[in-house]
Amino acid sequence: EVQQLFKERHKERILVQVVVPSERLQLFEALSGLLKTAQLEHPGFTGQLIEMDGEEEGPSIVKKLEENAGCPMDDRIRYRDGNRWVMDWEEVQENGEEGHIPWKDRGVYWITGGLGGLGLIFAGEIVERVTEAVLILTGRSPLTEEKEAKLKQLEVRGARVAYRQVDVSCKEAVEELVVWIQEEFGGL
C-alpha cells in the first residue's frame, strides 16, 4: 500500500495511520520501522502506528485518528485506559560520575561473533580497563593470519586470548566449549 502511494506521486502530504490492537503489538512492531523508513525516503510522507485497547469502537477510533492527524510528528501512539501516550526521546544529562565497569581484573570473558567489529571493540574495552583478563573469542570461520594478528594485538596489551571455531547455534558445540572453558579457566 505504501509503495502504491509513492507510485501515484501525490503532490499533497501523505498520512498513513496504522491501528493495532494492544495484544497483537509485537506482530506489528516491524510496521513502525517500515513507516519510519518510508518517511526518511519520502519527506512528504508521515506514518503513525497507533496502539489501542480492544474495547475501542468505530466512532471512538475515528475520533482518535482525527486527533492524531493533527499531531503528525507523533509516530508511536498508545491508548491505555482512556489515556493517550506518545513515545518520545528525552536527553539524559551526564552526572559526571564514572559509570560502573562490568569487567574485573583476572576475569574470564567469552565473546561470540568472531573477530568482527563489535567483538574486537568489546575485547579492546576489557583489555583497556582491567589487568590479566582472559578473552575467549569464538566464530564460525577458521582463524586466519589476519585474525591471528588481531589476537596478538590484544595479547600485547596484557590479555590472555584464545580463539575457538564454534557455531553458537549448535547446542552440542556450545556445551563442549563451556566445559572446555570451565576446565581450562575455572569458569566465566
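**Entry 1: Glu66**

Is Glu66 buried or exposed? I looked it up: Glu66 counts as exposed, because its relative accessibility is 57%. My cut-offs are these: buried means under 20% relative accessible area, exposed means over 50%, and partly exposed is in between, with a 1.4 Å probe and protein chains only. I note that this is a predicted model, where local features need pLDDT of at least 70 and side-chain atom pairs count only at pLDDT 80 or more, while totals for chains, interfaces and linings use all residues. Residues are numbered from 1 along each chain as its sequence is written, and side-chain values use heavy atoms, with hydrogens and water left out.

I placed Glu66 in helix H3, residues 58–69. Helices (H or I, at least four residues) and strands (E, at least two) are DSSP runs, numbered from the N terminus. I then looked at Lys150, which is 84 residues from Glu66 along the chain. Their C-alpha atoms are separated by 57 Å.

**Entry 2: Pro21**

I found Pro21 in strand S1, residues 14–21. Pro21 has a relative accessible area of 28%, so it is partly exposed. Pro21 and Asp53 are 32 residues apart in sequence, yet 5.9 Å apart in space, C-alpha to C-alpha.

How many bridges join S3 to S4? I read four, and the two strands run antiparallel. Two strands pair if DSSP finds at least two bridges between them. Tyr79 stands opposite Arg84 in S4. Tyr79 also has a charge over its ring: Lys64 lies over the face, at 4.5 Å from the ring centre. The rule for this asks that NZ of Lys or CZ of Arg is within 6 Å of the ring centre and within 35 degrees of the ring normal.

Next I looked at the turn. The hairpin has two residues between the strands. Asp81 lies in this loop, between S3 (76–80) and S4 (83–86). Its phi is near 50°, a positive value in a residue other than glycine. Asp81 counts as exposed, because its relative accessibility is 70%.

I noted another positive phi. Arg106 has about 60° and is not a glycine. Arg106 sits in the loop between S4 and strand S5 (108–111). Its relative accessibility is 52%, so Arg106 counts as exposed.

**Entry 3: strand S6**

Why is S6 largely enclosed by the rest of the structure? I counted six of its six residues (134–139) as buried, so that is the reason. I checked each face. Val134, Ile136 and Thr138 are buried on one side, and Leu135, Leu137 and Gly139 are buried on the other. In a regular strand the side chains alternate between the two faces of the sheet.

I then looked at the partners of S6. S5 and S6 run parallel and are joined by four bridges. Ile111 stands opposite Leu137 in S6. S6 and S7 (residues 160–165) also run parallel, with six bridges between them. Thr138 stands opposite Arg164 in S7. I followed Arg164 to a ring: Arg164 lies over the face of Trp180, at 4.1 Å from the ring centre.

**Entry 4: aromatic pairs**

How many aromatic pairs does the structure hold? I found two. Rings of Phe, Tyr and Trp (its six-membered ring) pair if their centres lie within 6.5 Å; planes under 30 degrees apart count as stacked, over 60 as edge-to-face and the rest as tilted. Trp103 and Tyr109 have ring centres 5.5 Å apart and planes at 90°, so this pair is edge-to-face. Trp180 and Phe185 also form an edge-to-face pair, with 5.5 Å centre to centre and 85° between the planes. Both Trp180 and Phe185 are buried. Tyr109 counts as buried too, because its relative accessibility is 13%.
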